[in-house]
Amino acid sequence: MTIPDTGMTPDQIMQTLQKFKSEDVDYKGGKIFAYTFHAGEEADDIVKKAYMLFLGENGLDPTSFPSLVRLEREVVRFIADLLRGGPESVGNFTSGGTESIMLGVKTARDFARAAKPHITQPEVVFPRTAHCAFYKACEYLGLKPVVADFDPKTFRADVDSMRAAITDNTVLLMASAPSYAQGVVDPIAEIGQLALEKDLLFHVDACMGGIMLSFMRQMQGYDVPDFDFSAPGVTSISADMHKFGYAAKGASTVVYRDKALRRHQIFANTQSTTYALVNATLLSSKPGGPMAGAWAISRFLGREGYENMFRGLMDATQTIIDGINATGDLYVLGRPDMCIFSFASDTINVFQLQDELGRRGWYVQPQFSTPSSPHNLHITVTWPNVPMAQAFVDELPAAIQAVKDNPNKIDFNMVRAQVKSMLESFGDDAIAQLSAMAGVGGADMPREMALISTILDALPKHMSEALLKDFINDLFV
């Protein structure tokens, strides 16, 4: 589409945008278990109003918009206090968990340049259960990711494996609270002691759980392990406001134990012919809307509002977990510490179950296998899911039976054999052949994902990543 010669009317613009949205998932309807966080229409309204009030403000120059400095300080202090950072803790507002994690890695790299200049090939050690953003940060910033094992029963990081992975080039340890895939908190206190012993920085990815776990820790009936600055050795934490803080998208924080460490995050430059540039985070132009939305929702919900929501989320999570385990075909992996978890099966291809649930209006997220864990489906329970939890449990048996009755079952072992044969036969052309086999290509979005997911799971990781890159490269102009 090219830009029109004459402008459209406001009504035409909004009608067209509504049409664009018509095929999107209905994340407010309670049947979507991923990606979005909705706290209800009244909360949505106050976030939108606050966001729009600061739509044009720019955090690039704090002297021009002191309102944004105040918003950022107050949101970060709210998070830092939840994370028991103490008066010396500092942090910044970011665009999302990936930026927060990237800043944690950048800070460790630059700290090492100053304190350990003999390290020329810095390494970061984290368990395989870590979020993909850790790999992305290492790739973007030129560090080597060193991946440690996890316990295949609990899905928590294996501290002995992390210890063995440390070398003279290690600059940072990283762990999760909780891990996205199975919703379990890594042994943060033990890894913190390892970090102190080895004189290393230690970043905790609490993007999913930082807010919710902090409240649960103060509520009766929940046993939350130490995961924040109360654990000696933790030097930085990322925690998202746009997840269980229920802010608008584009709202996260990265918090440091003290200002001396945070200084290595900051970029400043006076060498250009332009104005002096100083950025606390990755962004230069920094929108005010997400900050205002995050500030507004925290004030609107308050402690009581958050606690009521989190108790409802945990009750709904238990309903779904009990229902999944009662099917006889599905089982939950590990023991989740909050309202995110995954489940697998020894009797059916769960990727086909994802498609079957999709035909019934439900969305769950596919996750691939590793040498220590099976392919599985992921669920994130959010506020709209609470009243729909029992409905999901009630529909599971019929969906499972439909997969069993499907005459076109996708057998994992057969697909693996086919993939192996194609890799041997087609060599460099295997990716194109496998894309055609899976029905991936062009700008059309696939309607069913089971075969695609099964093929991706069967491929060596570097080849599945290549196939995904090709898909995205074709999808966007």
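Buried residues, meaning those under 20% relative accessible area with a 1.4 Å probe and protein chains only, make up 50% of the 477 residues in this chain. What you're looking at is a predicted model, where local features need pLDDT of at least 70, side-chain atom pairs count only at pLDDT 80 or more, and totals for chains, interfaces and linings use all residues. Residues are numbered from 1 along each chain as its sequence is written, and side-chain values use heavy atoms, with hydrogens and water left out.

Let's start with the whole chain. There are 16 helices and 13 strands; these are DSSP runs numbered from the N terminus, with helices (H or I) having at least four residues and strands (E) at least two. The radius of gyration, taken over C-alpha atoms, is 23 Å, close to the 23 Å that the globule rule gives for 477 residues, so the chain is as compact as a globular protein of that length. That rule is 2.2 Å times the number of residues to the power 0.38. Along its principal axes, the C-alpha trace spans about 65 × 60 × 55 Å.

Now look at who touches whom, where contact means heavy atoms within 4.5 Å. Among contacts between residues at least 6 apart in sequence, 73% join residues at least 24 apart.

You'll find Val381 in the loop between strand E13 (376-380) and helix H12 (389-405). Val381 has a relative accessible area of 0%, so it is buried. Leaving aside its neighbours within four places in sequence, Val381 is in contact with Phe33, Phe244, Leu313, Ala316, Thr317, Ile320, Cys339 and Phe341.

Pro117 sits in another loop, between helix H4 (97-115) and strand E2 (123-127). Its relative accessibility is 58%, so Pro117 counts as exposed, a label for values over 50%.

Finally, take a pair of helices. Two packed helices are described by the angle between their axes and the distance between the axes. Helix H3 (residues 66-82) and helix H8 (residues 210-218) pack at about 50°, with axes 9 Å apart. Therefore H3 and H8 are oblique to each other: angles under 35 degrees count as roughly parallel, over 145 as roughly antiparallel, 65 to 115 as roughly perpendicular and the rest as oblique. On the H3 side, the contact is made by Phe78, Ile79 and Leu82, while H8 brings Ile211, Ser214, Phe215, Arg217 and Gln218.

Note on methods. Axes fitted to C-alpha atoms, helices over the stretch in contact; angles between N-to-C directions.
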